[in-house]
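Visitor: I'd like to go through this model with you. Can you put it up, and we'll start with the rings?

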Amino acid sequence: MKRQLSVFLKGAGMGAADAVPGVSGGTIAFVTGIYEELIHTIKQFGPSAYPAWRRGGLAGLYHHLNLAFALPLLLGIGVSLVSVAHLVVWLMDDHPLLLNGFFFGLVAASAIVVSRHPADWKLWHLVPLIVGLLLAHGLPSLMPLVTQLGIPSLVLIVGGAIAISALLLPGVSGSFLLLTMGLYGTVMQGIRSFDVSLLSTFAVGCLIGLFGFSRLLSWLLRRYHTATLQLLIGFIVGSLPVLWPWRELVRYQLGPEGQMIPLDYRYLTPGDYAILTGESGLMLPVLIAMLFGAALVLGLARGSGGSAPGRAGNGSHNSPDKEGSNA
């Protein structure tokens, strides 16, 4: 029961993070030590489940799907997403500097926690690290292309597939990618009003992205473990500029429903922000929020029992860590 409660709370943290543009639930999974178990568990939901059921019945299926882990995690994510949706909208509207400051501190501390080099780290592992940085920086600018698909249901499906894939990547925010696709407000309003038609269409895309991308990540972690971890660290570090509280939107485009889709920002000091906007930069409160976010991550990392970043200490689906011979 203690394990299930712990997983539920970590799922709640993932759901809360994914409700905020610029923050990834994958980062929370990584820092709390459940990332690899999460990826390998999602991979189990597929054709291989049928033979497991034939061999062991419901008990065999329960073990194969690692439902002792998956069910409390999903419950935590779901409860958090539904309950946090209203709070996030309010914070984004009324206290954006404090919200961004908190998550900037959280993600920055996450990058520090997971950047410790494993024993088999090599100089060439800088390559996937740099690739992760570049992808984290460049992905948002490509997302507005999704709106050019034209058909609303197709846009929702593709957006769902991309957003859920981003959920699995530490540092890449599915919510922020939805924002750059012009879908964030639509999806959040659908959650708040429980629009079954919209959510069902979005869920189809999520399922496609979830099962496809989890298999790719699981294969990479099995074959090129350290290189994949460095790629993920690159994503985390590359996401930090998006969360910098004091910034000015300098380039945007309008979505199909007239919503503003951010494309580029200019990053400011608190003083410059105050001069530009005529409002207080709230430097001290934002710094406190940053420190609180960082302290929360460091506390979670310490409480995870000292396991390697992203690796569950007692999950049943962890695979041997190995680099491919040609990695």
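Aromatic rings

Guide: Phe102, Phe103 and Phe292 are linked into a cluster by ring pairs. A pair here means rings of Phe, Tyr and Trp (its six-membered ring) with centres within 6.5 Å; planes under 30 degrees apart are stacked, over 60 edge-to-face, and the rest tilted.

Visitor: Before we go on, what kind of model is this, and how are residues numbered?

Guide: The model is predicted: local features need pLDDT of at least 70, side-chain atom pairs count only at pLDDT 80 or more, and totals for chains, interfaces and linings use all residues. Residues are numbered from 1 along each chain as its sequence is written, and side-chain values use heavy atoms, with hydrogens and water left out.

Visitor: Fine. How many aromatic pairs are there?

Guide: The rule gives six aromatic pairs. One of them is Tyr50 with Trp53, a tilted pair at 5.9 Å centre to centre, with 40 degrees between the planes.

Visitor: Where do Tyr50 and Trp53 sit relative to each other in the helix?

Guide: They are three residues apart in helix H4 (residues 49–64), so about one helical turn separates Tyr50 from Trp53. Helices are DSSP runs of H or I with at least four residues, strands are runs of E with at least two, and both are numbered from the N terminus. Tyr50 is partly exposed at 49% relative accessible area, and Trp53 is partly exposed at 40%. Buried means under 20%, exposed over 50%, and partly exposed in between, with a 1.4 Å probe and protein chains only.

Visitor: And Trp244 with Trp246, what geometry is that?

Guide: That pair is edge-to-face, 5.2 Å centre to centre and 70 degrees between the planes. Trp244 is partly exposed at 24%, while Trp246 is buried at 2%.

Visitor: Changing topic. How many salt bridges?

Guide: Two, by the rule used here: a side-chain nitrogen of Lys or Arg within 4 Å of a carboxyl oxygen of Asp or Glu. Arg3 and Glu37 form a salt bridge, with N to O at 2.8 Å. Arg3 lies in helix H1 (residues 2–18) and Glu37 in helix H3 (residues 35–44), so the pair links distant parts of the chain, 34 residues apart.

Visitor: Is Glu37 buried or exposed?

Guide: Glu37 is buried, at 1% relative accessible area. Arg3 is partly exposed at 26%.

Visitor: Which residues make the other bridge?

Guide: Glu248 and Arg266, whose closest N and O atoms are 2.6 Å apart. Glu248 is in strand S1 (residues 247–254) and Arg266 in strand S2 (residues 260–267), 18 residues apart. Glu248 is partly exposed at 22%, and Arg266 is partly exposed at 42%.

Visitor: What about Ser218, where is that?

Guide: Ser218 is in helix H11 (residues 196–223) and is buried, with a relative accessible area of 0%. Leaving aside neighbours within four places in sequence, Ser218 is in contact with Ile39, His40 and Lys43, a contact being heavy atoms within 4.5 Å.

Visitor: Which of its side-chain partners makes a polar contact?

Guide: The side chain of His40, at 2.8 Å from the side chain of Ser218. A polar contact is a pair of N or O atoms within 3.5 Å; within protein, one must be able to donate a hydrogen and the other to accept it, and residues adjacent in sequence count only if both atoms are side-chain atoms.

Visitor: Last one: how many helices and strands in the protein?

Guide: The protein has 15 helices and two strands, and buried residues make up 48% of its 327 residues.
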